[in-house]
Amino acid sequence: MNRAMFVLALLLGIPAPSAAQTPVKVGFCARTLSSAVAPFAIATKLGWYERGGIRVQLVPVPGSTDCLKLVATGDLPYSLPSIEALPTARVQGIRAKIFYTAYQGNIYGVSVPVDSPIRSIRDLKGKKIGVASMGSSGVPVVRALLAMNGMDPEKDAQIVVAGEAAQAAALTRSKQIDALALYDTMFALIENAGQPLRALEVGALARYPSNGLLALESTLQKDRAQAVALARGYAMGTVFAMANPEAAVRIVYEVFPQTKATGRSEEEGLRQDVKTLLARAQHWRLEAGGVKRWGESSIKDFDAYEDFLLKWGVIKQKVPATDLVTNDLLDAINQFDADKIANEAKAYR
């Protein structure tokens with residue numbers, strides 16, 4: 001770590017780095033890494049993960065269902081999925097919990113080309129709807145939306161794999177698909193690829209919480225300090241990214257150079273990637289979930305989301321929300337000065 005980063009760490013009151021760093025793999029539930037990985041990149045660049053004794057390695061995974069499966073099998077210790085598949089997994093005996101809610105508002109939705117005649121979810125009857133992968137949470141979400149609008153998800157619309165970013169944009173532009181059931185940053189990436197979109201109203205879905213850091217309960221017991229370090233770095237990176245989105249994107253380019261697209265000017269690339277980051281940032285905000293602490297899981301909101309998923313047939317059995325999420329690590333995770341980080345971020349060059 002260079003001297004400037006060391007001084008910044010001291011100003012923020014972060015403990016000195018440990019001698020050894022444990023490699024920690026984290027499933028990022030999308031094939032494409034975008035500026036949405038900024039919290040991980042910032043925590044890496046500024047030495048916050050190093051000081052927590054870990055070295056985070058992001059593993060792109062096709063979707064949230066696969067992220068959950070890889071944690072359940074022990075192939076990954078942590079991942080960042082949404083919860084749609086978690087109640088069923090719990091019923092099946094998988095003891096895993098979200099210990100840090102990263103996205104306080106639901107990132108999933110349905111969009112159509114801006115000039116499409118489709119005006120509402122009801123207009124999707126008989127249409128072809130693209131998802132990132134069949135393991136994406138876009139699948140159960142759009143099935144629920146179809147059901148709540150009086151349709152049979154199995155018969156009244158066709159759900160197909162559209163892929164991500166440029167591929168999804170091309171399929172939409174060529175009218176091979178009529179709508180996209182994706183998430184905030186992917187919609188931004190598709191617009192960056194030249195396909196303007198219009199979001200459809202999704203009703204109650206928008207207010208429910210979304211993705212969070214997930215681990216087996218045994219991992220949270222055995223490697224509690226590691227889980228805290230992972231989540232704390234992510235929280236600090238989130239504060240930094242919201243305070244200075246442009247600096248955050250530049251750090252993403254440095255830590256994950258594959259995210260810097262070719263074939264466009266540096267200025268245009270930065271502008272588009274800041275737009276993508278801001279699409280995610282609106283769901284990072286504590287206000288989006290009505291919570292007070294970084295990573296806090298609103299038990300009542302998760303419970304209400306389970307009711308929604310049960311009502312519309314996404315899950316067959318409800319479990320207590322406290323079996324899906326835990327706030328037990330939050331006191332330790334929030335041991336940092338968010339105001340200092342925001343101020344330093346604004347001054348970062």
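This is a predicted model: local features need pLDDT of at least 70, side-chain atom pairs count only at pLDDT 80 or more; totals for chains, interfaces and linings use all residues.

Residues are numbered from 1 along each chain as its sequence is written, and side-chain values use heavy atoms, with hydrogens and water left out.

**Exercise 1.** Describe how helices H10 and H15 pack.

*Solution.* Start with the geometry: H10 (residues 224–243) and H15 (residues 338–347) pack at about 45 degrees, with axes 8 Å apart. Helices here are DSSP runs (H or I, at least four residues), numbered from the N terminus. Axes are lines fitted to C-alpha atoms over the stretch in contact, and angles run from 0 to 180 degrees between N-to-C directions. The angle therefore makes H10 oblique to H15 (under 35 degrees is roughly parallel, over 145 roughly antiparallel, 65 to 115 roughly perpendicular, the rest oblique).

Next, find the residues that meet: Met236, Val239, Phe240 and Ala243 in H10 face Ala338, Ile341, Ala342, Ala345 and Lys346 in H15. By class, they divide into 8 nonpolar, no polar and 1 charged (Ala, Val, Leu, Ile, Met, Phe, Trp, Tyr, Cys and Pro count as nonpolar; Asp, Glu, Lys and Arg as charged; the others, Gly among them, as polar).

**Exercise 2.** Work out how H2 is placed against H10.

*Solution.* The axes of H2 (residues 38–45) and H10 come within 7 Å and cross at roughly 105 degrees. That angle is why H2 is roughly perpendicular to H10. On the H2 side, the residues are Ala38, Pro39, Phe40, Ile42 and Ala43; among their partners in H10 are Gly233, Tyr234 and Gly237. This contact of H2 with H10 has 9 nonpolar, 3 polar and no charged residues.

**Exercise 3.** Is Arg90 buried or exposed, and which side chain does Arg90 join in a polar contact?

*Solution.* First locate Arg90 in helix H5 (residues 86–91). With 10% relative accessibility, Arg90 counts as buried (under 20% relative accessible area; exposed is over 50%, partly exposed in between; 1.4 Å probe, protein chains only). Then look at the side chains: Arg90 and Glu217 are joined by a polar contact of 2.9 Å (a pair of N or O atoms within 3.5 Å; within protein, one must be able to donate a hydrogen and the other to accept it, and residues adjacent in sequence count only if both atoms are side-chain atoms).

**Exercise 4.** Which residues does Ala89 touch, beyond those up to four places away in sequence?

*Solution.* Ala89 is also placed in helix H5. Ala89 touches Leu68 and Ile94, where contact means heavy atoms within 4.5 Å. At 4% relative accessibility, Ala89 counts as buried.

Definitions and conventions. Helices (H or I, at least four residues) and strands (E, at least two) are DSSP runs, numbered from the N terminus.
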